[in-house]
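Here are some notes for you, as someone opening this one for the first time. Keep the 3D view at hand while you read.

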Amino acid sequence: MTGTYQPAGTGVSPLEVREVTVRFAGLTALDAVSLTVEPGTVHAIIGPNGAGKSTCFNVLSGVYTASSGSVRFGGVELTTLPAHKIAALGIARTFQNIALSARLSVRDNLLLGRHRLTRAGFVAAGLRLPSARREAARHLARVEEIAAFVGLAGRLATPVGLLPYGVQKRVELARALCMEPRLLLLDEPVAGMNGGERAEMAGLIVAIKESLGISVLLVEHDMGMVMRLADTVTVLDFGRRIAGGPPEEVQRDPAVIRAYLGAATEEAATEDRAAEHKATEHEAAEDRATEDRAAAMAAGETGQAGQAGQTGQARQAREAGEQDAAAAAGGQA
Ligand SMILES: Nc1ncnc2c1ncn2[C@@H]1O[C@H](COP(=O)(O)OP(=O)(O)OP(=O)(O)O)[C@@H](O)[C@H]1O
């Protein structure tokens, strides 16, 4: 992380989310959620699976439209704006799954990130007019500064698909920085990374906040990372905001502990239900085999067909039992 990269304009506006509700055909994914991202801070949204974190991000970046509520940034209401207009206001995002062109070089991917800032028209660029050439040179210089800032200076010519996963995630972050954001939305920035890559990404996020003054809103499952990086945490559960504040307060909050414990208990219960279901299926198969045997006897059948039916079903039942036992043994191992 070196270089002289400075942001084009640091954010002085908070992002204000007020009573935002999102409904999908009968399901309330977000229920009157409010939060504020203060300028120059890192704000984390956490919560168990299905809590509404991605839905919240998708509303903020214009992918989903809120059913009601308001999101304001720099005095502008965002809920009615399409994604590209939100980006133009200085809100850039990264995605859970890398959204880069694998065959293009790092340089070209970053230049794509500058697309919305390009003023030269199609014709001027096509004719390679001096004004368009000067602009292209400016963008290239900026891309190089940003690449140096995120530690990618030596990788500019490499096709993104050839880079290790953790480096690709840094390219994605650099692409978002190329949009000259005032607020960065990072969706699970360290998901799938190893320890070293996580530490690098954490350092980068701190540098983005402290050296560049850019506000960061992140969704992250890695609690260690959240507790180390975030100035403020908002906790969602079943679409509702159940807690918020500094990380050390939030992690002691009984509602948060309950939500996470509840999620863990629910996971265990789902596993129990699946095991129970399997056991019931096993019993049903045995019952069917017994019924078949009884029916065959009642009909005085002693032929091959009756035998085959019995043996087949009994074998099925036995195999189900053996599989359960093997699964249980595997689970205990
Ligand atoms: N496009 C959609 N259509 C219908 N339901 C959706 C849609 N997007 C999300 N949901 C539902 O909204 C709820 C919240 O989902 P969301 O993905 O926002 O949760 P999350 O907190 O990001 O979960 P995870 O941590 O698993 O990514 C879930 O019940 C999900 O199934």
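**Notes for a first look**

1. Start in a loop: Phe 238 sits between strand S9 (232–237) and strand S10 (240–245). Helices (H or I, at least four residues) and strands (E, at least two) are DSSP runs, numbered from the N terminus. Phe 238 has a positive phi of about 50°, although it is not a glycine. With 16 C-beta neighbours inside 10 Å, Phe 238 counts as partly exposed. For that label, a residue is buried if 20 or more other C-beta atoms lie within 10 Å of its own, exposed if 12 or fewer, and partly exposed in between, with C-beta atoms placed from the backbone.

2. Some ground rules. This is a predicted model, in which local features need pLDDT of at least 70, side-chain atom pairs count only at pLDDT 80 or more, and totals for chains, interfaces and linings use all residues. Residues are numbered from 1 along each chain as its sequence is written.

3. The overall picture: the chain has eleven helices and ten strands. Of its 333 residues, 31% are buried. Take the contacts between residues at least 6 apart in sequence: 70% of them join residues at least 24 apart. Two residues are in contact here if their C-beta atoms, placed from the backbone, lie within 7 Å.

4. S9 and S10 belong to an open sheet of six strands, ordered S6-S7-S8-S3-S9-S10, with mixed pairing. The edge strands are S6 and S10, each pairing on one side only. On average, neighbouring strands of this sheet are turned by 20° against each other, direction ignored. Two strands pair if DSSP finds at least two bridges between them.

5. Now look at strand S7 (residues 183–187) in that sheet. Five of its five residues are buried, so S7 is largely enclosed by the rest of the structure. Both faces are covered: Leu 183, Leu 185 and Asp 187 are buried on one side, Leu 184 and Leu 186 on the other. Strand S6 (residues 91–93) pairs with S7 in the parallel sense over three bridges, and Ile 91 has Leu 183 as its bridge partner in S7.

6. What about the other neighbour? S7 and strand S8 (residues 215–219) are also joined in the parallel sense, over five bridges, and Asp 187 stands opposite Val 219 in S8. To get from S7 to S8 the chain passes through helix H7 (residues 195–210), making a right-handed β-α-β crossover. Right-handed means that, with the strands pointing away from the viewer, the path from the first strand over the helix to the second runs clockwise. H7 lies across S3, S7 and S8, running at about 150° to S8. Such angles run from 0 to 180 degrees between N-to-C directions, with axes as lines fitted to C-alpha atoms, for helices over the stretch in contact. Strand S3 (residues 42–46) runs parallel to S8, joined by four bridges; Val 42 has Val 216 as its bridge partner in S8.

7. Another loop residue worth a click is Glu 180, found between helix H6 (165–177) and S7. Phi of Glu 180 is near 55°, a positive value in a residue other than glycine. Glu 180 counts as partly exposed, with 18 C-beta neighbours inside 10 Å.

8. There is also an open sheet of four strands, in the order S2-S1-S4-S5, with antiparallel pairing. S2 and strand S5 (76–77) are at the edges with a single partner strand each, so one side of each is left without a neighbour in the sheet. Strand S4 (residues 68–73) and S5 pair over two bridges, and Phe 73 has Val 76 as its bridge partner in S5.

9. Helix H1 lies across strand S1 (15–24), S2 and S4, at about 65° to S2. Seven of the eight residues of H1 are buried, among them Lys 53, Thr 55 and Cys 56. Just after H1, Gly 62 takes a positive phi of about 85°.

10. Residues around it (C-beta atom, placed from the backbone, within 6 Å) include Phe 24, Leu 27, Gly 47, Asn 49, Lys 53 and Thr 55. Strand S2 (27–37) and helix H1 (53–60) are the elements that give two or more residues to this shell, and H1 has the largest share, three residues. By class, the shell has four nonpolar, six polar and one charged residues. Here Ala, Val, Leu, Ile, Met, Phe, Trp, Tyr, Cys and Pro count as nonpolar, Asp, Glu, Lys and Arg as charged, and the others, Gly among them, as polar.
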